[in-house]
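Student: Hi! I have a new model open and would like to talk it through with you. Could you help me find my way around?

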Amino acid sequence: MSIKRFKLSAITTLMAAAVSLPTLANELVFEGHSSDHKLETKTVESNRYIVKFKKEKLGEKRAFNDFIALNYLFTAGAEPLFALNDEQAMVAELDEFSLRTLRKMSSVESIEIDPKRYLSKPISKDSITPYAQSTPYGINMVQGNQLSQTNTSARKVCVIDTGYNLGHPDLPYGNVTGVANNNAVGRWNNDGNGHGTHVAGTIAAENNNQGVVGVYPGVDLHIVKIFDDNGQWTYASNLINAIQQCKDAGSDVVNMSLGGGNYSNSENTAMQNFVNGGMMLVAAAGNDGNGTKSYPASYDAVISVASVTSNESRSSFSQYNDQIEISGPGSNVNSTYPTNTYRSLSGTSMASPHVAGVAALVWSHHTQCTNQEVRAAINATAKDKGAAGYDIYYGHGIAQAKSASDYLTANGCQGGGDPGNPGGVKPVNGSLPNLQGTQNGWTHYTWNIPQGVKEMSLNITGGTGDADLYVRYNAQPDSNNYTCRPWKDGNEEQCTFTNPNSGTWHISLFGYSNYSGVTLNYAYK
């Protein structure tokens with residue numbers, strides 16, 4: 001993806017087309033750093049922040065220049081930690097002085113707290129000692145036993161967790177790579193906690209006549225150790241970096257049995273960018289047993305997984321909300337454990353790898369399909385539980401590997417509608433042609449999306465000049481707040497959403513330069 005600069009010195013508003021809403025012009029003024037700020041003293045304890053820089057300040061249409069960014073941070077008296085290059089951001093420790101100073105710099109686009117992310121700790125633990133291979137109930141429940149795959153390299157799954165018991169007789173060995181996310185967590189191939197090894201076993205335990213078996217036995221794995229052996233918390237910025245490490249290793253599906261309660265715009269944007277780039281992200285919904293949202297699971301780009309018991313009812317600890325997308329077995333799950341042992345654990349941490357395994361397994365049989373097409377097929381064929389259709393406790397239901405694969409075989413990657421909802425939503429497909437605008441000008445539109453939409457897409461194409469597409473749910477987007485912003489050169493940009501929220505979506509075009517003859521296409525099904 002090429003990088004664009006973004007001028008905010010004078011944002012003006014265009015008169016919108018007939019379907020657009022009137023907007024107010026806003027002038028954003030950024031003050032420069034002045035030398036008299038250096039007279040202030042630092043008196044407040046430092047906190048960790050994600051500092052995002054404007055494109056044009058760090059090099060026009062060029063890759064992120066972390067050396068220049070470091071200079072800005074040093075000038076403000078900040079303590080830089082590391083760069084998030086793809087996000088045009090730096091992670092740094094800021095005290096009150098450096099925070100105020102950076103906020104006055106015209107080079108800084110946004111500053112937000114780097115929220116903590118926690119291991120989704122299991123609810124219960126029980127040791128087990130299988131003498132011969134047994135199939136955990138969850139494998140059958142998600143139809144892992146009905147869809148075999150001998151090509152273990154057809155997809156690669158990344159497990160971001162506490163590490164991996166390399167050498168466990170029931171886990172992949174030769175086709176496993178890994179990395180420590182940072183120096184504090186220790187070696188990736190040593191798991192002194194057990195959580196990561198248990199998660200990996202649910203996904204990939206070998207079909208070898210001993211112990212247990214996973215959803216996709218022996219699948220290629222990449223391990224990112226992000227927690228130490230005590231399961232110590234980490235940060236959203238570390239998680240963004242960890243997924244980048246998964247991507248760099250060629251991973252297709254990422255499992256994140258972790259989360260935290262604070263929304264991060266930087267993290268949300270990064271997740272959407274990873275999905276736009278072709279990855280599938282799966283995360284545990286949380287174990288608080290209430291309606292609160294956990295992140296990253298509750299970002300639109302991420303598949304949020306709730307937990308069910310062996311009798312397919314909701315686990316009492318499983319969080320519920322309108323971001324729950326699908327369910328997986330999470331109560332009393334048997335899997336691999338250090339050192340070369342097995343254990344039964346409970347939690348949405350155990351449900352998430354079932355779904356990640358299903359995603360990889362289904363995708364391995366349909367590699368011609370996109371991540372979002374496979375995701376839509378899994379949702380369309382999930383075993384409905386709870387209230388009829390989608391609900392906040394089970395999402396679309398329990399993931400079914402064989403049903404999803406058969407659905408794609410029968411209908412192709414584009415699918416054929418929701419078999420659980422015959423007739424369903426009437427598809428919509430339209431366009432707004434010959435759009436034009438001026439540099440730094442905004443044009444705003446709204447679009448009402450009904451319940452039951454499985455996929456929504458928007459794209460701009462054609463014409464001359466350079467328009468930028470922004471999309472946001474339930475509020476008008478701006479330079480710092482959006483659900484999707486492809487930010488590419490020219491007028492070929494697209495935003496796609498699986499199972500979008502019903503209600504009002506806001507679509508905006510920003511003139512990076514004067515543009516004309518641009519077409520905005522919109523569709524849902």
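This is a predicted model: local features need pLDDT of at least 70, side-chain atom pairs count only at pLDDT 80 or more; totals for chains, interfaces and linings use all residues.

Student: Good to know. How many disulfides does the structure hold?

Tutor: The structure holds three disulfides. If you number the bonded cysteines in sequence order, they pair as 1-2, 3-4, 5-6.

Student: Let's take C158 and C246. How far apart are their sulfur atoms?

Tutor: The sulfur atoms of C158 and C246 are 2.1 Å apart. The link is left-handed, with -60 degrees about the S-S bond. This pair links distant parts of the chain, with C158 in strand β8 (residues 156-161) and C246 in helix α5 (residues 236-248), 88 residues apart.

Student: And are C158 and C246 buried or exposed?

Tutor: Both C158 and C246 are buried.

Student: Okay, on to C369. Which cysteine does a disulfide join it to?

Tutor: C369 is joined to C413, with an S to S distance of 2.0 Å. Their link is left-handed as well, at -85 degrees about the S-S bond. Distant parts of the chain are linked here: C369 sits in the loop between α7 (348-365) and α8 (371-380), while C413 is in the loop between α9 (401-411) and β19 (428-437), 44 residues away. C369 and C413 are buried.

Student: Since you mention β23, how many of its residues are buried?

Tutor: Five of the six residues of β23 are buried, which makes the strand mostly covered. β23 also pairs with strand β21 (residues 455-461) in the antiparallel sense, over six bridges. Within that pairing, I460 stands opposite E493 of β23.

Student: New topic: the open sheet of four strands. What order do the strands have?

Tutor: The order is β3-β4-β2-β5, and the pairing is antiparallel. β3 (79-84) and β5 (108-113) stand at the edges with a single partner strand each, so one side of each has no neighbour in the sheet. From one strand to the next, the twist averages 25 degrees.

Student: Over how many bridges do β2 and β4 pair?

Tutor: Strand β2 (residues 47-53) and strand β4 (residues 89-94) pair over six bridges, in the antiparallel sense. The bridge partner of K52 in β4 is A89.

Student: Which helix packs on the sheet?

Tutor: That is α5, which touches β2, β3 and β4. The direction of α5 makes about 35 degrees with that of β3. It is also the helix that holds C246.

Student: One last spot. Where is S106?

Tutor: S106 is in the loop between α2 (96-103) and β5.

Terms used:
Residues are numbered from 1 along each chain as its sequence is written. Side-chain values use heavy atoms; hydrogens and water are left out. A disulfide is a pair of cysteine sulfur atoms within 2.5 Å. Helices (H or I, at least four residues) and strands (E, at least two) are DSSP runs, numbered from the N terminus. Buried means under 20% relative accessible area, exposed over 50%, partly exposed in between (1.4 Å probe, protein chains only). Two strands pair if DSSP finds at least two bridges between them. Axes are lines fitted to C-alpha atoms, for helices over the stretch in contact, and angles run from 0 to 180 degrees between N-to-C directions. Contact means heavy atoms within 4.5 Å.
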